[in-house]
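Have a go at each task before reading its solution.

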Amino acid sequence: CCMADELLRICREYRHETCGHCVFGHEGSYQMATILEDVCHKRGKSGDLELLQDLAPMMEEQSLCEVGRVLAKTVRQTCALFGDEIAAHYARKVCPAGACDAYKTFHILVSKCTGCGDCLDACEDGAIMGKANFVHVIDQRKCTQCGRCLDACGEGAVVKAGAKKPKTPPRPIPVRRKK
Ligand code: SF4
Ligand code: SF4
Ligand code: SF4
């Protein structure tokens, strides 16, 4: 699993338990959840990991009860162990575990595409290149990850990929007919 996503889940759970009696426990957890939410949804920015690392020890020291301290300790330790993985989300625009949906990309498999054009018709963002009997190709710069092409393709040629991406040609190529 993705450690940023896992921490986000823990922070959200804590938000339901917090009583609001201390600023660090209440606001601290809100800030942590907001930062992690951004990291997991492609809105993270450089310095987010350091922000979590600054916030966690302060929250651990200042929270009035064990609930806030345990959350802060969990965030501090996870950031120390998996900081690179968390930072990769905004530094390299990748979820190394391939778990965060926002970082998944759509691709068309050469081995399965028949060049029918159904995906091209379904794409409202003009992100698919192709013509009849050519293997279609998704332009990653235009793709908004809406998933319409995945639903439209009856051949199972459109796939959603996490950290490991399938090899695809840069532009449409003729479909190779099976003998
Ligand atoms: S740390 Fe404890 S006292 Fe503070 S807001 Fe959370 S639950 Fe309440
Ligand atoms: S990806 Fe699927 S829908 Fe698109 S052209 Fe190839 S076979 Fe047709
Ligand atoms: S995911 Fe949506 S935007 Fe991207 S290529 Fe498919 S239909 Fe087009």
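**Exercise 1.** What distance separates the centres of domain 1 and domain 2, taken over C-alpha atoms?

*Solution.* Begin with the ground rules: this is a predicted model, in which local features need pLDDT of at least 70 and side-chain atom pairs count only at pLDDT 80 or more, while totals for chains, interfaces and linings use all residues. Residues are numbered from 1 along each chain as its sequence is written, chains are lettered from A and ligands numbered from 1 in the order in which they are written, and side-chain values use heavy atoms, leaving out hydrogens and water. Next, find the bounds, which come from an automatic or database domain assignment: domain 1 covers 3–91 and domain 2 covers 104–174. Finally, take the two centres over C-alpha atoms; they lie 37 Å apart.

**Exercise 2.** Describe the surroundings of ligand 1.

*Solution.* Step one is to collect the residues near the ligand (those with a heavy atom within 4 Å of it). There are 13 of them, and the closest are Tyr14, Thr18, Cys19, Cys22 and Cys65. Step two is to ask which elements give two or more residues to this shell: they are helix 2 (23–40) and helix 4 (66–91). Helices here are DSSP runs of H or I with at least four residues, numbered from the N terminus. Step three is to sort by class, with Ala, Val, Leu, Ile, Met, Phe, Trp, Tyr, Cys and Pro as nonpolar, Asp, Glu, Lys and Arg as charged, and the others, Gly among them, as polar. The shell around ligand 1 then has 6 nonpolar, 7 polar and no charged residues.

**Exercise 3.** Follow helix 4 and say where it bends.

*Solution.* Compare the axes fitted to the seven residues ending at a position and the seven starting there. At Phe82 the bend of helix 4 is about 85°.

**Exercise 4.** Which ligand takes up the space of the largest cavity?

*Solution.* A cavity is a set of points, on a 1 Å grid over the protein atoms alone, where a 1.4 Å probe fits but cannot get out; its lining residues have an atom within 4 Å of a point. The structure holds 2 cavities of 30 Å³ or more. The largest has about 90 Å³ of space, and its 14 lining residues include Cys113, Cys116 and Ala157. Ligand 2 takes that space, and its own shell divides into 7 nonpolar, 4 polar and 2 charged residues.

**Exercise 5.** Where does ligand 3 sit?

*Solution.* Ligand 3 is in the second largest cavity, whose volume is about 70 Å³. Cys123, Cys143, Cys146, Gly147 and Cys149 are the closest of the 13 residues around ligand 3.

Terms used. 1 Å grid on protein atoms, 1.4 Å probe; cavity = no way out; pocket = protein on both sides within 12 Å on 5 of 7 lines; lining within 4 Å. Sits in = over half its atoms within 2 Å of the grid points. Points joined across faces, edges and corners; volume = space filled by probe spheres on them.
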